Amino acid sequence: MSTLHGIGLLLLAVIAGAVVPFQSAINFNLGRGLGHPLWATLASLVVSIVVLLPIMLAMRLPLPSLAFIGKAPLWMWAGGAFGVVFISLAVMLLPRLGASGFMALALAGQVVASLVLDHFGWFGLVERQISLPRLAGAVLLIGGVVLIQLGDSAGKAITATS
């Protein structure tokens, strides 16, 4: 992989992460307008289908194998359920924790879960042992989460005493 290609992949990963707080804030407002966070979750997923289907048709993707669909283990279908969990919790927690607080905590959960997935090579991932540098990175990230959360409390305390 060329350096330029690698940088492009890194930037795409950053963009993937950057859209999440926007999605969460938009879905929070949608849920408020629709009357319940779960309506926002449903609407978000329906819009995803409406956007994705024309892209797939334009790319002329072949239909998936019915044989695979019939024999795939149940865990392979859990991604959609996890998406519902994430979107629903984001809609409910974002107004309470703020965008930065929710995203920092969500990211901490993602990093810890990712370390475990990599360590055991679950779901067909290549095993990557939890090393001291990887663990230190996770601890530093969680320290950042604590600073983001405490920084909000400290800011409120300073404003209250002023």
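Trainee: Is Phe-123 buried or exposed?
Mentor: Phe-123 is exposed, with a relative accessible area of 51%. Exposed means over 50%, buried under 20%, and partly exposed in between, with a 1.4 Å probe and protein chains only.

Trainee: What should I know about the source?
Mentor: This is a predicted model: local features need pLDDT of at least 70, side-chain atom pairs count only at pLDDT 80 or more, and totals for chains, interfaces and linings use all residues. Residues are numbered from 1 along each chain as its sequence is written, and side-chain values use heavy atoms, leaving out hydrogens and water.

Trainee: Back to Phe-123. Where does Phe-123 lie?
Mentor: Phe-123 lies in the loop between H4 and H5. Phe-123 also has a positive phi of about 60°, although it is not a glycine.

Trainee: Step back a bit. How many helices and strands are there?
Mentor: Five helices and zero strands. The pattern along the sequence is α-α-α-α-α. Helices (H or I, at least four residues) and strands (E, at least two) are DSSP runs, numbered from the N terminus.

Trainee: What is the radius of gyration of the protein chain?
Mentor: The protein chain has 20 Å, whereas a compact globule of 162 residues would have a value near 15 Å. The radius is taken over C-alpha atoms, and the globule rule is 2.2 Å times the number of residues to the power 0.38. Along its principal axes, the C-alpha trace spans about 65 × 45 × 35 Å.

Trainee: What share of the residues count as buried?
Mentor: 15% of the 162 residues.

Trainee: Now pockets. What is the volume of the largest pocket?
Mentor: About 390 Å³. Phe-123 turns up again here, in the lining, along with residues including Trp-75, Met-76, Phe-82 and Phe-86. That lining divides into seven nonpolar, three polar and no charged residues.

Trainee: How are those terms set?
Mentor: On a 1 Å grid over the protein atoms alone, a pocket is an open set of points where a 1.4 Å probe fits, with protein on both sides within 12 Å along at least five of seven lines; lining residues have an atom within 4 Å of a point. Grid points are joined across faces, edges and corners, and a volume is the space filled by probe spheres set on the points. Ala, Val, Leu, Ile, Met, Phe, Trp, Tyr, Cys and Pro count as nonpolar, Asp, Glu, Lys and Arg as charged, and the others, Gly among them, as polar.

Trainee: And the second largest pocket, which elements give two or more residues to its lining?
Mentor: The second largest pocket has a volume of about 160 Å³. Its lining residues include Gly-17, Phe-86, Gln-110 and Leu-141. The elements giving two or more are helix H1 (3–34), H4 and helix H5 (132–161). H4 gives the most, with six residues.

Trainee: Phe-86 again. How many aromatic pairs does the structure hold?
Mentor: Three. In one of them, the rings of Phe-86 and Phe-102 have centres 5.8 Å apart and planes at 45°, so the pair is tilted. Phe-86 is partly exposed at 25%, whereas Phe-102 is buried at 5%. Phe-120 and Trp-122 form a stacked pair, 5.0 Å centre to centre with 15° between the planes.

Trainee: Last topic. What does Asp-118 touch?
Mentor: Not counting residues up to four places away in sequence, Asp-118 touches Leu-125, Val-126, Glu-127, Arg-128 and Arg-134. Contact means heavy atoms within 4.5 Å. Asp-118 lies in helix H4 (residues 78–120) and is buried, with a relative accessible area of 16%.

Trainee: And Ile-142, which residues is it in contact with?
Mentor: Ala-108 and Val-112, leaving aside neighbours within four places in sequence. Ile-142 lies in helix H5. The C-alpha atoms of Ile-142 and Val-112 are separated by 9.2 Å.

Definitions and conventions: Rings of Phe, Tyr and Trp (its six-membered ring) pair if their centres lie within 6.5 Å; planes under 30 degrees apart count as stacked, over 60 as edge-to-face and the rest as tilted.
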